[in-house]
Amino acid sequence: MQNTKILNSQAGLGGGAIFLAGPTASLSITNSLIQDNQSPIGSVLAMSCFNDNVYSKRDISITGSSLISNGSSSSKSVLDFCGEPKVTLSTNTIAKNIADIAIGNLIQFSGNTKASDTPNNNSSVLSNSSSLELLNNTIVENTVNTALLYDKLGTKLGEFKHEVRQFEKSYDNQ
């Protein structure tokens, strides 16, 4: 997708703007606007994790785009990755997105492993062969619990020239 707008879309389960199905569905977005989309999981992007009990392999690239004002206070994530994705996010503006302040993530790139070195502590949703590369993104004014949720699985590469600031967390003063 190039020079595209996806505005005001909703999904009942996952992938408010985009849902990748099938074993190898990949995605390339360049110079696009993705705004005001909602879903309980992956308000901008979600995907199927498996096909015939094998991790779904995907190449995902989002470059020079704006992901703005997506999600809601009940969303679990804005970008939700699973299976065996190879993801590159480069020179994007990711701003004013919302996810559940207690458990919601802007970028979900983790399996469901335990926080330990327990034997046979394997993920059932994210392959260890997955990768996430963040290059020169501006990530600001998002209201989420965690900007990037990741664990020991997969490779994470980043040139931390990012401007990451103002992750607002509202608290009740009760």
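Q: Why is N8 called exposed?
A: The relative accessibility of N8 is 58%, and exposed means over 50% relative accessible area, buried under 20% and partly exposed in between (1.4 Å probe, protein chains only). N8 therefore counts as exposed.

Q: What kind of model is this, and how are its residues numbered?
A: This is a predicted model in which local features need pLDDT of at least 70 and side-chain atom pairs count only at pLDDT 80 or more, while totals for chains, interfaces and linings use all residues. Residues are numbered from 1 along each chain as its sequence is written, and side-chain values use heavy atoms, with hydrogens and water left out.

Q: Where does N8 lie, and what is it in contact with beyond its neighbours within four places in sequence?
A: N8 lies in the loop between β1 and β2 (18–20); a strand is a DSSP run of E of at least two residues, a helix a run of H or I of at least four, and both are numbered from the N terminus. The C-alpha atoms of N8 and N70 are separated by 8.7 Å, with the two residues 62 apart along the chain.

Q: What makes N3 exposed, and what is its phi?
A: The relative accessible area of N3 is 57%, so N3 is exposed. N3 is found in the segment before β1 (5–7). Although N3 is not a glycine, its phi is positive, about 55°.

Q: How do you know whether N105 is buried or exposed?
A: N105 has 3% relative accessibility and therefore counts as buried. N105 lies in strand β13 (residues 105–109). Leaving aside neighbours within four places in sequence, N105 is in contact with residues including K76, S77, V78 and T146.

Q: What makes the pair N105 and Q108 a polar contact?
A: A polar contact is a pair of N or O atoms within 3.5 Å; within protein, one must be able to donate a hydrogen and the other to accept it, and residues adjacent in sequence count only if both atoms are side-chain atoms. The side chains of N105 and Q108 make such a contact at 2.7 Å.

Q: Why is S130 called buried?
A: S130 has a relative accessible area of 1%, so S130 is buried. S130 sits in the loop between β13 and β14 (131–135). A polar atom of the S130 side chain lies 3.3 Å from the backbone oxygen of G83.

Q: What is the largest nonpolar core, and which residues touch the most other members?
A: A nonpolar core is a set of buried Ala, Val, Leu, Ile, Met, Phe, Trp, Tyr and Cys residues joined through side-chain atoms within 4.5 Å. The largest one has 30 residues, of which I18, L45, L79, F81, L89 and I107 touch the most other members. The largest share of this core, three residues, comes from β13.

Q: How many helices and strands does the protein have, and what percentage of its residues is buried?
A: The protein has zero helices and 18 strands. Buried residues are 44% of the 174 residues.

Notes
Contact means heavy atoms within 4.5 Å.
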